[in-house]
Amino acid sequence: MGFLCLILVVTITTSLAFPINHQNYLVLPHSLQGSGACLSWRVGVEANNIRAWTQVPTKCVDYIGSYMTGSQYRQDCNLVCNEAYNYAKRLNLTNDGKDVWVFDVDDTILSNIPYFSAENNWQGVINTTSFAEWAEKGEAPAIPAALKLYKKLIKLGFKIVFLTGMYEQYTDIRIENLKATGYTEWEKLILRGDNDEASAVEYKSSIRKELEEGGYRIRGNMGDQWSDLVGTNTGDRTFKMPNPLYYVP
């Protein structure tokens, strides 16, 4: 996901600035108030029926904030990753090192919830300067369900490709962050060129095409944005991690 190359709009009330442990962020005991219409909106976003949205509807900011920092978000991540594993374990791999699983990084395997919380900046356009400062710290925690899936896929024999919209200037920091949170091996870590101005769909499609032209078979593809999963060369099957907080076209 390319935070630093896209303007993202996030609207959540300032009362939702909760402390998050960077190594294993807390599940906060929120009730999902104002479900109804806001639940329908979230489902519409996750199903890609609502597109090109720029902010959480005002009436839903408390609901979405409670969802992202509460237990339901983790349960939804668990469901996606469990289904991905159930699919993966039934595949017959060739053992030639060419069966790959593609993961997006930001808010797919590493969480930026601590950034949103610490900034207390839930109303408006993301401050690219402050996000760059957050990225430079390399303190994004692992999303537990994704880390568990990653380890299981390696045991099954998959090669892992991390495909992120983060710029190449953050390569060393990203490597350190991944390893510190348990992602210790991969086939490829691909970051966006510092001067790349393509859309997320164009960028990720072109990289996936290069992978397949290089002989790799994309058996699974996982991301938190639909722009991670659509376009060309999307792989045998895609899995959408939940994220109704922002939209990357």
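What follows is a walk through the aromatic rings of this predicted model, with a look at the charged side chains beside some of them.

Begin by selecting W53 and Y247, which form a tilted pair, with 5.9 Å from centre to centre and 50° between the planes. If you then colour the chain by position, you can see that this pair links distant parts of it, for W53 sits in the loop between α1 (37-46) and α2 (61-68), while Y247 belongs to the segment after β7 (238-240), 194 residues apart. W53 is buried, with a relative accessible area of 10%.

Next, select W101 and F158, whose ring centres lie 5.6 Å apart with their planes at 90°, so the pair counts as edge-to-face. Here too distant parts of the chain are linked, because W101 is in strand β2 (residues 99-103) and F158 is in the loop between α6 (144-156) and β4 (159-167), 57 residues apart. Both W101 and F158 are buried.

Finally, turn to the charged side chains. Select K98 together with Y216, and you will find K98 over the face of the Y216 ring, at 4.3 Å from the ring centre. Then select R192 and Y203, where R192 lies over the face of Y203, at 4.5 Å from the ring centre.

Methods
Residues numbered from 1 in each chain as written. Predicted model: local features only at pLDDT ≥ 70, side-chain atom pairs only at ≥ 80, totals over all residues. Heavy atoms only, no water. Phe/Tyr/Trp six-rings, centres within 6.5 Å; stacked < 30°, edge-to-face > 60°. Helix = DSSP H or I, 4+ residues; strand = E, 2+ residues; numbered from the N terminus. Buried < 20%, exposed > 50% of the residue type's maximum accessible area, 1.4 Å probe, protein only. Lys NZ or Arg CZ within 6 Å of the ring centre and 35° of its normal.
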